[in-house]
Amino acid sequence: MRMFKITACVPSQTRIRTQRELQNTYFTKLVPYENWFREQQRIQKMGGKIVKVELSTGKPGINTGLA
């Protein structure tokens, strides 16, 4: 199955001691080739950036840290 292994950075707001802090969350996930465009738009709408994209093969739901 053709998949993309993407690493992205998404900002997330959290409340700490009554002030707002901006923290970035990095994540890596496998995205099926067919859903790539939708996933790319979702990340960009959240204000995130796609850091790295690799073409890979695998099964959905596996831990990408071990792949």
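**Figure 1. Close-up of S56 and its contacts.** Leaving out residues up to four places away in sequence, S56 touches M1, R2, M3, F4, K5 and L30; touching, or contact, means heavy atoms within 4.5 Å. S56 sits in strand 3, residues 49-57. Strands (E, at least two residues) and helices (H or I, at least four) are DSSP runs, numbered from the N terminus. The relative accessible area of S56 is 17%, so S56 is buried. Buried means under 20% relative accessible area, exposed means over 50%, and partly exposed lies in between (1.4 Å probe, protein chains only).

This is a predicted model, in which local features need pLDDT of at least 70 and side-chain atom pairs count only at pLDDT 80 or more, while totals for chains, interfaces and linings use all residues. Residues are numbered from 1 along each chain as its sequence is written, and side-chain values use heavy atoms, with hydrogens and water left out.

**Figure 2. The whole chain, for orientation.** The chain has 1 helix and 3 strands. Along the sequence, their order is β-β-α-β. The chain has 67 residues, and 24% of them count as buried. Take the contacts with a separation of 6 or more: 61% of them join residues 24 or more positions apart.

**Figure 3. The largest nonpolar core.** Seven residues make up this core: F4, I6, A8, V10, V31, W36 and I43. A nonpolar core is a set of buried Ala, Val, Leu, Ile, Met, Phe, Trp, Tyr and Cys residues joined through side-chain atoms within 4.5 Å. Two elements give two or more residues each: strand 1 (2-16) and helix 1 (36-45). Strand 1 provides the largest share, 4 residues. V31 is also a core member. Beyond its neighbours within four places in sequence, V31 is in contact with M3, F4, I6, W36 and E39.

Figure 4. W36, E39 and I43 are the buried residues here. Seen down the helix axis, the buried residues of helix 1 fall within an arc of 65°, so they line one face of the helix. That arc is taken from the directions from the helix axis to the C-beta atoms. F37, R38 and K45 lie on the other side of helix 1 and are exposed. Just after the helix comes G47, with a positive phi of about 85°.

Figure 5. The whole structure holds 3 salt bridges. A salt bridge puts a side-chain nitrogen of Lys or Arg within 4 Å of a carboxyl oxygen of Asp or Glu. E39 pairs with K29, with the closest N and O atoms 3.1 Å apart. This pair links distant parts of the chain: E39 is in helix 1, K29 is in strand 2 (residues 19-32), and they are 10 residues apart. E39 also forms a salt bridge with R42, at 2.6 Å from N to O. R42 and E39 are 3 residues apart in helix 1, so about one helical turn separates them. Together, K29, E39 and R42 are linked in a network of salt bridges. E39 is buried, at 11% relative accessibility. K29 is partly exposed at 28%, and R42 is partly exposed at 36%.

**Figure 6. The salt bridge between K52 and E54.** The side chains of K52 and E54 meet at 3.3 Å, N to O. K52 is partly exposed, with 43% relative accessibility. E54 is partly exposed too, at 32%.

**Figure 7. The aromatic cluster of F4, Y33 and W36.** These three residues form one cluster. The whole structure has 2 aromatic pairs. The ring centres of F4 and Y33 are 5.5 Å apart and their planes lie at 25°, so this pair is stacked. F4 is in strand 1 and Y33 is in the loop between strand 2 and helix 1, 29 residues apart. The ring centres of F4 and W36 are 5.2 Å apart, with planes at 50°, so this pair is tilted. F4 lies in strand 1 and W36 in helix 1, so the pair ties together parts 32 residues apart in sequence. Rings of Phe, Tyr and Trp (its six-membered ring) pair if their centres lie within 6.5 Å; planes under 30 degrees apart count as stacked, over 60 as edge-to-face and the rest as tilted. F4 is buried at 14% relative accessible area, and W36 is buried at 18%. Y33 is partly exposed, at 37%.
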